[in-house]
Amino acid sequence: MSMNNNEIADIFSHYADLLEIEEANPFRVRAYRNAARFISSFPKSMAEMLHAGEDLDELPTIGKDLAAKIKTIVETGSLPQMESSEAKIPSALVELLSIEGLGPKRIRALHRELGISNLDDLKRALRRKTIRHLKGFGEKTEHRISEGLTKVGTGVQRMSIARAENIAKPLIAYLEANTATQRVTIAGSYRRRRETVGDLDILVTAEAGNTITDYFSAYEDIEEIISLGQTRARVRLRSGLAVDLRVVPAASYGAALQYLTGSRSHSIVMRKIAIARDLKLNEYGVFRGKTRIAGHTEEDVYAALSLPYIEPELRENTGELEAASQDKLPQLVSLNDIRGDLHCHSNASDGHESLEALASAAREKGYEYLSINDHSQHLTIAHGLDKNRLLKQIKAIDKLNEKLDGITVLKSIEVDILDDGSLDLPDAVLKELDFTVCAIHYKFNLPEDKQTERILRAMDNPCFNILAHPHGRLINRRQPYRINLERLMRGALDRGCYLEANAHPDRLDLDDEGCRLARRLGLKVAISTDSHVMTDLDYMRFGIDQARRGWLEKQDVLNTRSLKELRQLLKRS
Ligand code: DGT
Ligand code: CA
Ligand code: CA
């Protein structure tokens, strides 16, 4: 099999890491990262497109240069530029990238300041507690690196849900293509929509005597078959992702799905509830004595325990079983409830789409509104907008809205929160906008109270409306900066501001717990995609997943409101 999109994306993102360690031009680093993101979520196989003689250079984020590099990767399995970079950088330094808590910038600093160029050097420095004294590190970071180090090589790294989806899709199609297959469902943490998954748990129903596990073991993306039996198998795919397969008869589908979806602690409580009712619950069904009284569907299983159906996203044993027994489960928000997107970049800053293209894509989604939030001037690397460019954009949006039917483009910005908590553009121009999204993009290393106060000070500005990606983390790449989330949320409530639940699958920030806290405090959140290319608009569903895990209902989410209500809510008194 030739290179799949994920493998191409991995090479680009690894190359971006190397370039960053090399202190290459940040525009170049970003170009590779953006392309990697785009490629990994692109629905068509790029290798196949090339084989069919199709051009890639017209695709967003790609262009001539990267198209040629993709061709090289597809043809040779590698990229010569990356190999020469790898040759220049001590290979052990690259190894450090796999440590959670250590990104290229920190690695560069460790190398430059302490001469650390491999794992042993790093361990020694940790023992001597010298890292904490480096500028931008501190005790907590040192501790995180130390924790990250214990995970290296143990395979504890979890895969982001979006990436797992891309890998799962063709596998599911493959399993469904077998004539003996009745139903195929992915269970486990994937079905509970956790932000990352440890492995995939796939449930297949089929009649007895089938050979589905054998068929599964012949899947072309498998690197290693770990175990193979009649009704279960475990393999590792080339991406490193492990897959557990279970085959059960249709009569046990609901019980098996309930069992395999977990979470483990949810299931333990379920079994206790069964026992208290003189029933037995296992992966084959709910039994009274030897008689199976339920098991065909999950609804049956819950009903047999006198419980309403509990959505998979809630099954973490954090109160859902009590709520279910009192009929107090939340009516979870769903993708259909969303009426617009409140964080999108156009090609005026580091996005790739024109205003018109974004507006019509949003209209096609059935949205009522979409906002344009380009970066402000501080972010020079993202072509941030200064006052004049923003004023020009405001005019352009006004003009566009006159022409448009069925969608309103909202004038907004992703304005930087500066060191002292001031905003990166004059109030006079911010006032011309429909609302603002405000974000931290630098000085991540402030102590918790300082960072929190910096943001609260920014919220004091009446032009502040929504705090973007409140923790600034990048899943598997960058740790969150330190804030007191509850204090920020209370501060937002006091001032009539809101927090964003960024839906980008690399961010998911607020995360599920953050969403839950917002609900508890009565603070509404904006679920926004932070789109940079058109396909990013589809990331909304990842934000919805985390919101649902956070028990959010339609009324807890700002952008489920009509434009009129939204404007009202955004108004600061
Ligand atoms: P992951 O893979 O770490 O992201 O998390 P899960 O929740 O997918 O966990 P996994 O793959 O170990 O197991 C899948 C499901 O199977 C889990 O959610 C519940 C069920 N399961 C597996 N082993 C056990 C067990 O020993 N006891 C119980 N009650 N359930 C289990
Ligand atoms: Ca799993
Ligand atoms: Ca598993």
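This is a predicted model: local features need pLDDT of at least 70, side-chain atom pairs count only at pLDDT 80 or more; totals for chains, interfaces and linings use all residues.
**Exercise 1. Describe the shell around ligand 1 and the polar side-chain atoms that lie by the ligand.**

Begin with the shell: 15 residues surround ligand 1, and the closest are R158, S189, G198, D199 and R264, a residue being near the ligand if one of its heavy atoms lies within 4 Å of it. By class, the shell has three nonpolar, six polar and six charged residues; Ala, Val, Leu, Ile, Met, Phe, Trp, Tyr, Cys and Pro count as nonpolar, Asp, Glu, Lys and Arg as charged, and the others, Gly among them, as polar.

Next, sort the shell by element, taking helices (H or I, at least four residues) and strands (E, at least two) as DSSP runs numbered from the N terminus. At least two residues each come from helix 11 (188-191), strand 4 (199-205), helix 13 (253-261) and helix 14 (264-276), and helix 13 gives the largest share, three residues.

Finally, look at single atoms. An oxygen atom of ligand 1 lies 2.7 Å from a polar side-chain atom of R158, and a polar side-chain atom of D201 is found 3.1 Å from an oxygen atom of the ligand. For R271, an N or O atom of the side chain is 3.2 Å from a nitrogen atom of ligand 1. Taken alone, ligand 1 exposes 600 Å², and the protein buries 75% of that (Shrake-Rupley method, 1.4 Å probe).

**Exercise 2. Classify the ring pair of F12 and Y32, and say where its two residues lie.**

Rings of Phe, Tyr and Trp (its six-membered ring) pair if their centres lie within 6.5 Å, and planes under 30 degrees apart count as stacked, over 60 as edge-to-face and the rest as tilted. By this rule the count comes to eight aromatic pairs. The centres of F12 and Y32 are 5.4 Å apart and the planes stand at 80 degrees, so this pair is edge-to-face. F12 belongs to helix 1 (residues 5-21) and Y32 to helix 2 (residues 26-41), so the pair ties together parts that are 20 residues apart in sequence. Both F12 and Y32 are buried (under 20% relative accessible area; exposed is over 50%, partly exposed in between, with a 1.4 Å probe and protein chains only).

**Exercise 3. Locate E23 and D530, and decide whether each is buried or exposed.**

E23 lies in the loop between helix 1 and helix 2, and at 52% relative accessibility E23 counts as exposed. D530 is found in the loop between strand 18 (525-528) and helix 23 (540-549), and D530 is buried, with a relative accessible area of 4%.

Terms used
Residues are numbered from 1 along each chain as its sequence is written. Chains are lettered from A and ligands numbered from 1 in the order in which they are written. Side-chain values use heavy atoms; hydrogens and water are left out. A polar contact is a pair of N or O atoms within 3.5 Å; within protein, one must be able to donate a hydrogen and the other to accept it, and residues adjacent in sequence count only if both atoms are side-chain atoms.
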